[in-house]
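The sequence and structure come first.

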Amino acid sequence: MVTRVLIGDFGAIFRAGLADLLVEAGCHVLPDDGGRRDILERVVASRPGVVVLDLDTPGSEDLARSLSMAFPGVTVIACSSAAVRMRVYPPFHSGESYVTHLSPDQLVQASTGTGPQAKERRCPPT
Amino acid sequence: MGPIRVAVFEGDEIFRRGVVSCLDEDPLLEVVEQALSWGPVPADGPVAFDVAVVSDTLRAFPACPLVMCVGANGAALEVGQGNLYAVLSRRTLAPDQLVSAVRGAAVGLRIMDAAAVHPDFDQRSLQVLRMLADGAAIREISSSLGWSERTIKGVIADVQREFQARTRTQAVVEALRRQLI
């Protein structure tokens, strides 16, 4: 089954890179709506399997945790191009997350659920 | 005349993919080489491309027109220094701007992206400025972006201070004038 990925509001070039990478990995990247709707509306409307958020946007960690709790079956990934790290909320983990290095391989593994479950730092929901 | 041959040297693989996918969309451009960094062998050998898109974190650069995508260090760079033909902000760069800069560099046009010389303007400030320009009230911006009204006011105050603008309207006009939004 093809993984449907919703990419949040990143810079256009970084977003294009994310989309290129995920499409190559066999995912279906949902089209950008140009910021017309907020991420919650888009999740409700498009029912993605994975949501990728920009960790550099203020409040994104709270948003990622909230999405993970509200949509238990969705993998939420908050990644930062500046800090080269990402926080992953796997599906059905009640808001638990782990932080790992942001690399193409790690991102694809987290998105497709194919990676080893190496948790560098497991954080319980707050 | 064939396509403009472009090389992309960028340490962030995801950003590099984005650059390449945007350039590939343009029929006048052909990406002939891409790598994490540029390592000339030999150091003064001829390059097989017309323009290189590079990041400001590289240690060495090819001797051809350069289009540089910069992060927070952009203010230290000036277009016109040597073979630097364009300085673009990584955060705000749009695909069309990138393609235009590469095409321009190939024919000797030098471009300075206004956002690249204002590294203090983060994405949050630009979002708020865009919404103000669209006529949104503080409450609407707060609701839309999910930040408190106090945070939004703080962002606006920072922008006004940076522009030495007395009013929000003047700050928005200044942002438009500098092509930040």
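## Helix α3 of chain B

In this predicted model, helix α3 (residues 123-133) of chain B has the following buried residues: B:Ser125, B:Leu126, B:Gln127, B:Val128, B:Leu129, B:Met131 and B:Leu132. Just after α3(B) comes B:Gly135, which takes a positive phi of about 90 degrees.

## Strand β1 of chain B and its partners

Strand β1 (residues 4-9) of chain B has five of its six residues buried, so β1(B) is largely enclosed by the rest of the structure. What joins β1(B) to strand β2 (residues 29-35) of chain B? The two strands run parallel and are joined by six bridges. Within this pairing, B:Arg5 stands opposite B:Glu30 in β2(B). The chain passes from β1(B) through α1(B) to β2(B), and this β-α-β crossover is right-handed.

Strand β3 (residues 51-55) of chain B is also joined to β1(B), by four bridges, and these strands likewise run parallel. Here B:Val6 has B:Val51 in β3(B) as its bridge partner. As a general point, side chains in a regular strand alternate between the two faces of the sheet.

## Packing of α1 and α2 in chain B

Helix α1 (residues 13-24) of chain B packs with helix α2 (residues 95-106) of chain B at an angle of about 75 degrees, and their axes are 9 Å apart. That angle makes α1(B) roughly perpendicular to α2(B).

Which residues meet in this contact of α1(B) with α2(B)? From α1(B) come B:Val19, B:Cys22 and B:Leu23, and from α2(B) come B:Pro95, B:Leu98, B:Val99 and B:Val102. By class, the residues of this contact are seven nonpolar, no polar and no charged. In general, an α-helix has 3.6 residues a turn, so residues three or four places apart point the same way.

## The contact between the chains

The contact takes 18 residues from chain A and 22 residues from chain B. On the side of chain A that touches chain B, helix α1 (residues 12-24) of chain A gives the most, with nine residues. That side of chain A has nine nonpolar, five polar and four charged residues.

The table lists the elements of each chain.

| Chain | Helices | Strands |
|---|---|---|
| Chain A | four helices | seven strands |
| Chain B | six helices | six strands |

Read along the sequence, the elements of chain A follow the pattern β-α-β-α-β-α-β-β-β-α-β. In chain B the elements run β-α-β-β-β-β-α-β-α-α-α-α from the N terminus on.

Chain B has 181 residues, of which 38% count as buried.

Contacts between residues at least 6 apart in sequence can also be sorted by separation. In chain A, 54% of such contacts join residues at least 24 apart. In chain B, 52% of such contacts join residues at least 24 apart.

How values were computed: Residues are numbered from 1 along each chain as its sequence is written. Chains are lettered from A and ligands numbered from 1 in the order in which they are written. This is a predicted model: local features need pLDDT of at least 70, side-chain atom pairs count only at pLDDT 80 or more; totals for chains, interfaces and linings use all residues. Axes are lines fitted to C-alpha atoms, for helices over the stretch in contact, and angles run from 0 to 180 degrees between N-to-C directions. Angles under 35 degrees count as roughly parallel, over 145 as roughly antiparallel, 65 to 115 as roughly perpendicular and the rest as oblique. Two residues are in contact if their C-beta atoms, placed from the backbone, lie within 7 Å. Ala, Val, Leu, Ile, Met, Phe, Trp, Tyr, Cys and Pro count as nonpolar, Asp, Glu, Lys and Arg as charged, and the others, Gly among them, as polar. A residue is buried if 20 or more other C-beta atoms lie within 10 Å of its own, exposed if 12 or fewer, and partly exposed in between; C-beta atoms are placed from the backbone. Two strands pair if DSSP finds at least two bridges between them. A crossover is right-handed if, with the strands pointing away from the viewer, the path from the first strand over the helix to the second runs clockwise.
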